[in-house]
Amino acid sequence: PLALRCLAGAGFITGFELAVGLLCNRLLGWRVWDYSAQWGNLWGQVCPRFSAYWYLLCLALLPVMGVTLPFFSA
């Protein structure tokens with residue numbers, strides 16, 4: 001189902017954002033973004049609000065791109 005694919009996509013993007021944020025912002029000290037003022041943030045690198053935005057972006061783009069994830073196919 002599309003909703004499940006979008007949830008997986010948003011989870012992947014959020015995880016990638018967390019990894020890049022920890023590398024760039026914490027380890028290298030570049031301070032590219034800071035979500036520490038956002039509700040539910042994780043180390044100031046990701047937050048539920050922007051994860052929801054990633055979900056909506058996936059909702060708009062996955063059907064257009066025709067993306068299928070192998071572990072969701074029947």
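Which helix holds tyrosine 53? The residue sits in H2, which covers residues 48-65; helices here are DSSP runs (H or I, at least four residues), numbered from the N terminus. The model is a predicted one, so local features need pLDDT of at least 70 and side-chain atom pairs count only at pLDDT 80 or more, while totals for chains, interfaces and linings use all residues. Residues are numbered from 1 along each chain as its sequence is written, and side-chain values use heavy atoms, with hydrogens and water left out.

Now for how the helices pack. H1 and H2 meet at an angle of about 130°, with 8 Å between their axes (lines fitted to C-alpha atoms over the stretch in contact, with angles from 0 to 180 degrees between N-to-C directions). That makes H1 oblique to H2, oblique being what is left once angles under 35 degrees (roughly parallel), over 145 (roughly antiparallel) and 65 to 115 (roughly perpendicular) are taken out. The crossing of H1 past H2 is right-handed, meaning that the near helix is turned clockwise from the far one by less than a right angle.

Tyrosine 53 is partly exposed, at 41% relative accessibility (partly exposed lies between buried, under 20%, and exposed, over 50%, with a 1.4 Å probe and protein chains only). Its C-alpha atom is 8.3 Å from that of alanine 10, 43 residues away along the chain. Alanine 60, also in H2, is partly exposed at 47%, and 9.2 Å separates its C-alpha atom from that of cysteine 6, 54 residues away along the chain.

Over in H1 (residues 2-27), leucine 23 is partly exposed as well, at 43% relative accessibility.

Conventions
Helices (H or I, at least four residues) and strands (E, at least two) are DSSP runs, numbered from the N terminus.
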